[in-house]
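Take a moment to look over the sequence and the fold. Then read on, step by step.

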Amino acid sequence: LCYGHLKTEKLPEHLQPIRIDCGTGLRTRAVQALFHQYGELKSRLVTVTGVSSCMDALLFHWCSSVWFHQKIKKDTKIWMFYFKLSSEKTRGSHTNPRRFSKKWLNTVDFLRDNPNDGFIVLAVSCLNFISFQPVIGMVLTEALVGVSQGMKHCRVKLMFHSHRKDKRYRPESGYQVILDPVQDVRVLKWWHSLYPT
């Protein structure tokens with residue numbers, strides 16, 4: 001990978017040249033570095049607050065993890081909520097065996113290894129902390145972005161259900177998560193510069 005046109009000091013630590021030269025996951029880190037720095041690719045990542053069309057891509061994905069933290073944004077304290085989601089196809093496909101046998105090591109393509117492939121992160125920034133019950137292992141069946149009561153912010157409604165093979169999810173049997181008021185909503189794939197590592 002040539003770094004001639006990249007300003008490497010602006011790259012996160014895990015994408016610095018000294019780290020990206022390692023064989024494991026080289027392809028993944030090279031793509032991420034390009035999305036961080038290369039103008040045309042970077043411009044594709046511009047997202048608009050409250051874009052609901054991207055939310056449809058999250059439907060019927062499994063919630064593999066949820067986390068949150070507080071940060072300061074323009075002198076305002078906000079809470080960041082992250083929902084890491086995976087499709088049924090990728091669910092469980094990235095788990096490592098208990099013992100690393102030679103047979104298993106021979107099946108791994110370390111150059112193309114990407115533990116985040118097939119996952120999408122829904123990142124929501126809220127003005128307040130919002131408590132909700134654990135939804136890990138549940139399926140996201142509804143994801144809507146609307147306008148908050150005060151009309152200044154957004155409101156995110158997520159509906160989670162226990163998995164059903166027939167995919168007949170009744171609203172009354174689900175668990176609803178409402179995040180309000182929301183400043184920003186982003187749907188992040190593994191190559192996005194804001195994808196949490």
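Where is K74 found? K74 sits in the loop between β1 (62–73) and β2. Keep in mind that this model is predicted. The phi angle of K74 is near 55°. That value is positive, and K74 is a residue other than glycine. Is K74 buried or exposed? K74 counts as exposed because its relative accessibility is 79%.

Now look at D75. D75 also belongs to the loop between β1 and β2. Phi of D75 is positive too, near 65°, and D75 is again a residue other than glycine. D75 has 77% relative accessibility, so D75 counts as exposed.

Follow the chain through β2 and out the other end. S87 lies in the loop that runs from β2 (76–86) to α4 (102–107). Is S87 buried or exposed? The cut-off for buried is under 20% relative accessible area. S87 has 19% relative accessibility, so S87 counts as buried. Which residues does S87 touch, leaving out those up to four places away in sequence? They are H61, W62 and G118.

Helix α2 covers residues 26–37, which makes 12 residues. From its first C-alpha to its last, α2 reaches 17 Å. That is close to the 16 Å expected at 1.5 Å a residue. Which residues of α2 are buried? They are T28, R29, A30, Q32, A33, F35 and H36. An α-helix has 3.6 residues a turn, so residues three or four places apart point the same way.

How many residues does the largest nonpolar core have? The largest nonpolar core has 25 residues. Those with the most contacts inside this core are M55, F83, L122, V156, L158, F160 and L179. β2, β3 (119–126), β4 (139–147), β5 (154–161) and β6 each give at least two residues. The largest share, five residues, comes from β6. There is also a second, separate core of eight residues. I78, M80, F119 and L188 are among its members.

Pick out L122 from the largest core. Leaving aside residues up to four places away in sequence, L122 touches M55, L58, F81, Y82, F83, L158, V185, R186 and V187.

A143 has its place in strand β4. A143 is buried, because its relative accessible area is 6%. Beyond its neighbours within four places in sequence, A143 is in contact with M55, L59, K157 and L158. Now find Q176. A143 and Q176 are 33 residues apart along the chain. Their C-alpha atoms are separated by 10.0 Å.

Strand β6 has a feature of its own. This strand spans residues 175–189 and contains P181. What kind of peptide bond joins D180 and P181? The bond is cis, with omega about 0°.

Turn to the rings. How many aromatic pairs does the structure hold? The structure holds 11 aromatic pairs. One of them is made by F83 and F160. The rings are stacked, with 6.2 Å from centre to centre and 25° between the planes. F83 lies in strand β2 and F160 in strand β5, so the pair ties together parts that are 77 residues apart in sequence. F83 and F160 are both buried. F83 and F160 also belong to one aromatic cluster, together with F68, W79, F81, F129 and F132.

Lysines meet rings too. K84 lies over the face of F119, 4.8 Å from the ring centre. K167 lies over the face of F60, 5.6 Å from the ring centre.

Last, consider the cysteines. A disulfide is a covalent bond between the sulfur atoms of two cysteines. How many disulfides are counted here? The count comes to zero. Two cysteines can still be placed by their accessibility. C54 is partly exposed, because its relative accessible area is 37%. C126 is buried, because its relative accessible area is 0%.

Note on methods: Residues are numbered from 1 along each chain as its sequence is written. This is a predicted model: local features need pLDDT of at least 70, side-chain atom pairs count only at pLDDT 80 or more; totals for chains, interfaces and linings use all residues. Side-chain values use heavy atoms; hydrogens and water are left out. Helices (H or I, at least four residues) and strands (E, at least two) are DSSP runs, numbered from the N terminus. Buried means under 20% relative accessible area, exposed over 50%, partly exposed in between (1.4 Å probe, protein chains only). Contact means heavy atoms within 4.5 Å. The expected span of a helix is 1.5 Å times one less than its number of residues. A disulfide is a pair of cysteine sulfur atoms within 2.5 Å. A nonpolar core is a set of buried Ala, Val, Leu, Ile, Met, Phe, Trp, Tyr and Cys residues joined through side-chain atoms within 4.5 Å. Rings of Phe, Tyr and Trp (its six-membered ring) pair if their centres lie within 6.5 Å; planes under 30 degrees apart count as stacked, over 60 as edge-to-face and the rest as tilted. A charge sits over a ring if NZ of Lys or CZ of Arg is within 6 Å of the ring centre and within 35 degrees of the ring normal.
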